[in-house]
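User: I would like to learn how to read a structure, one feature at a time. Please give the general idea, then the case here.

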Amino acid sequence: MEQTFIMIKPDGVQRGHVGEIIAFAEKHYADLSSKPFFNGLLDYIVSGPVVAMVWEGKNVVTTGRKSIGATNPTDSAPGTIRGDFAIDIGRNVIHGSDAVESARKEIGLWFPEGVANWSSILHPWIYE
Ligand code: RTP
C-alpha cells in the first residue's frame with residue numbers, strides 16, 4: 001500500500017523550539033537550496049515543533065496533496081487544508097510529499113527507525 005509523509009508545520013502547532021531539526025530541515029528541503037526563500041523557509045520550519053505523520057492508502061500521495069491544496073493559499077480551494085487555514089505562501093500550515101519517491105525519501109529521513117508495520121482490518125471495507 002502506498003505511503004506519504006505528512007507534516008503539520010510550526011504555525012499549525014505553535015509551541016516551543018527544536019534547534020536540532022535544522023539538519024533535518026536542510027536535508028528535507030535540499031532541492032530548494034538555491035531558491036531565494038530557502039533561508040526563510042529553514043527559519044520557519046525550525047521555529048517550533050512539527051507534527052510528523054505517515055499516511056497510508058490507495059494513491060495517498062495524490063489524494064493527500066489534494067486534501068492539502070495548492071502551495072500558495074491564494075490558489076488553494078476552500079475545503080482544502082491550506083484553503084481553509086493558510087494565509088501566506090511562506091506560512092502554509094502543512095506539507096505533503098509530492099511523489100511516491102519523495103515520500104519514500106522523506107519517510108526515511110524523518111522516521112529512520114521505520115514505521116509500525118500494521119495492516120488495518122478496515123481495508124476490506126474501504127477498498128474493493
Ligand atoms: P511542501 O513541500 O512544503 O509541501 O510545499 P510544496 O511542495 O507545495 O511547494 P514547494 O515548491 O516544494 O515549496 C516548499 C515550501 O517552500 C515555501 N515557499 N515559499 N516565499 C515563496 O515564494 C515560497 N515558495 C515556496 C512554502 O512553504 C512551500 O510549501
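Predicted model: local features only at pLDDT ≥ 70, side-chain atom pairs only at ≥ 80, totals over all residues.

Analyst: Residues are numbered from 1 along each chain as its sequence is written, and side-chain values use heavy atoms, with hydrogens and water left out.

User: Which domains does the protein chain have?

Analyst: Domain bounds come from an automatic or database domain assignment. Here the assignment gives domain 1 (8–48) and domain 2 (51–117). Contact means heavy atoms within 4.5 Å; 9 residues from domain 1 and 12 residues from domain 2 take part in it.

User: What area is buried between domain 1 and domain 2?

Analyst: The size of an interface is often given as the accessible area lost when the parts come together. Buried area is that loss, found with a 1.4 Å probe and summed over both parts. Between domain 1 and domain 2 it is about 1,200 Å², with 64% from carbon and sulfur atoms. Helix α1 (residues 21–28) supplies 3 residues, the largest share of the domain 1 side that touches domain 2. Helices (H or I, at least four residues) and strands (E, at least two) are DSSP runs, numbered from the N terminus.

User: How many salt bridges are counted between domain 1 and domain 2?

Analyst: A salt bridge is a side-chain nitrogen of Lys or Arg within 4 Å of a carboxyl oxygen of Asp or Glu. The count between domain 1 and domain 2 is 0.

User: Which residues have the most contacts inside the largest nonpolar core?

Analyst: In soluble globular proteins, nonpolar side chains tend to be buried together. A nonpolar core is a set of buried Ala, Val, Leu, Ile, Met, Phe, Trp, Tyr and Cys residues joined through side-chain atoms within 4.5 Å. Buried means under 20% relative accessible area, exposed over 50%, and partly exposed in between (1.4 Å probe, protein chains only). The largest core has 14 residues, and Met7, Tyr29, Leu41 and Ile45 have the most contacts inside it. Two or more residues come from each of β1 (3–8), α2 (38–45) and α5 (100–110); α2 gives the most, with 5 residues. Domain 1 (8–48) and domain 2 (51–117) each give this core at least three residues.

User: Is Val93 buried or exposed?

Analyst: Val93 is buried, at 12% relative accessible area. Val93 sits in the loop between α4 (81–85) and β3 (94–96) and has a positive phi of about 70° although it is not a glycine. Asn59, in the loop between β2 (51–56) and α3 (60–68), also has a positive phi, near 50°. Asn59 is partly exposed, at 48%.

Technical notes: Buried area = accessible area lost by both parts, 1.4 Å probe.
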